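Trainee: Could you take me through one part of this model slowly and carefully? I would like a close look at the disulfide and at the strands around the topic.

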Amino acid sequence: RPMIVSVVGDVATIADCQDTSSHGREKLATGEKVTVGVKNTLANVTMKRGGDGVWRVATIENQQAGSCAAGA
């Protein structure tokens, strides 16, 4: 559930609690998981509105794992 933190002119800041625990890399030959994501990671996203009026992601800054509350 992303939350709009601020909108100033053509720049918006959004905070989102992400769960990437089902993502990662695995060995193709064996299916063994090599890496897995984490739950409850806060992502701070900056969006910029282009001259065409379309909002686009400009930056994403992920905080440390567990940096936001579950369900936030």
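Mentor: A disulfide is counted here when a pair of cysteine sulfur atoms lies within 2.5 Å, and in general terms it is a covalent bond between the sulfur atoms of two cysteines. This is a predicted model, in which local features need pLDDT of at least 70 and side-chain atom pairs count only at pLDDT 80 or more, while totals for chains, interfaces and linings use all residues. Residues are numbered from 1 along each chain as its sequence is written, and side-chain values use heavy atoms, with hydrogens and water left out.

The structure holds one disulfide, and it joins C17 to C68 with an S to S distance of 2.1 Å. Because the torsion about the S-S bond of C17 and C68 is about 80°, the disulfide is right-handed. C17 lies in strand β2 (residues 11-18) and C68 in the segment after β4 (55-62), so the pair ties together parts that are 51 residues apart in sequence; strands here are DSSP runs of E with at least two residues, numbered from the N terminus. With buried meaning under 20% relative accessible area (1.4 Å probe, protein chains only), C17 counts as buried at 16%, and C68 counts as buried at 14%.

Turning to the sheet, two strands pair if DSSP finds at least two bridges between them. Four strands form an open sheet in the order β1-β2-β3-β4, with antiparallel pairing, and its edge strands, β1 (3-8) and β4, each pair on one side only. Strand β3 (residues 41-49) pairs with β4 in the antiparallel sense over seven bridges, and N44 has E61 in β4 as its bridge partner.

Technical notes
Buried < 20%, exposed > 50% of the residue type's maximum accessible area, 1.4 Å probe, protein only.
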